[in-house]
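Some notes on this model follow.

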Amino acid sequence: MALPLYDSQPARRVPWVTYLLIAVNVVVFLLTPMSNFAAWYGNGSVRECKATHFTFEYGAVPKELTTGDQQPLPTEVVHDCGPAGFRKAPWTTAFTSMFLHSSALHLLGNLVFLFVVGMGVEDRLGRWRYLLAYLAFGLVAVYGFAWTSPGSTVPLIGASGAIAGVMGAYVILNPRGRVVSWVPPVIVIRLPVWVVLGYWFVLQWLSLGDEKSNVAYTAHIYGFVAGVVFALLARRAGPAHRLAALSRG
């Protein structure tokens, strides 16, 4: 798969929101028990159990989102790590889950894509609309995944649903763009954005039946489609807003 490195089209403004989202995701990860940096969580099985409880507390559990009720921890988790010592409002986890990652590799993979496509989308939408769209894409991805698997009690974490939405928006807002990408083992090439991100989307679709994977491909698809739809509406509304501004002037 081609790994995007950077957008070959320079942004017209400093992408502060993209930088902020990257920084928040990194800081949150470092402060969670999933990171070796947070030594206060202990080591070995103690840390692993705290990471498990943390994931169930702040991750988005589909059955909780569809029912609105907190679910008991799975029997095997209680057996290995003890009962839950927390109470939560399930709807809040639709937001908190977007900023959690299971490992440094999980985090890095997401932030590479956000760095490449986020700057271009922020440049075209503006900072506030981009930030609100990012959060909205993440919510669509989380709830879409929950509606598709309403009985699941496995927590969903990661920024990939929201970032998939940014990727979908990028394809529409910058269809002629090119992304400098690394193609293993050693090739660096500038590819059309629709090739890189289109190939990524096809991979997500083809991977839907992989029951052995712990990747939420369904959430990626919901997020990507949400980004495409939003960008189409935003692009269509653009000329009308400009005409209204000219008439007022």
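1. Of the 249 residues in the protein chain, 47% are buried (under 20% relative accessible area with a 1.4 Å probe, protein chains only). The model is predicted, with local features needing pLDDT of at least 70 and side-chain atom pairs pLDDT 80 or more, while totals for chains, interfaces and linings use all residues. Residues are numbered from 1 along each chain as its sequence is written, and side-chain values use heavy atoms, without hydrogens and water.

2. The protein chain has 10 helices and three strands (DSSP runs, H or I of at least four residues for helices and E of at least two for strands, numbered from the N terminus). Along the sequence they follow the pattern β-α-α-α-α-α-α-α-α-β-β-α-α.

3. Taking contacts (heavy atoms within 4.5 Å) between residues at least 6 apart in sequence, 75% join residues at least 24 apart.

4. Helix H1 (residues 16–30) packs on helix H7 (residues 127–148) at about 40°, with the axes 9 Å apart. Axes are lines fitted to C-alpha atoms, for helices over the stretch in contact, and angles run from 0 to 180 degrees between N-to-C directions. Trp-16, Val-17, Thr-18, Leu-21 and Asn-25 of H1 meet Arg-127, Tyr-130, Leu-131 and Tyr-134 of H7.

5. Helix H8 (residues 160–173) and helix H9 (residues 193–206) pack at about 145°, their axes 10 Å apart. Here Ala-164, Met-167, Tyr-170 and Val-171 from H8 meet Val-193, Leu-197 and Trp-200 from H9.

Notes. Buried < 20%, exposed > 50% of the residue type's maximum accessible area, 1.4 Å probe, protein only.
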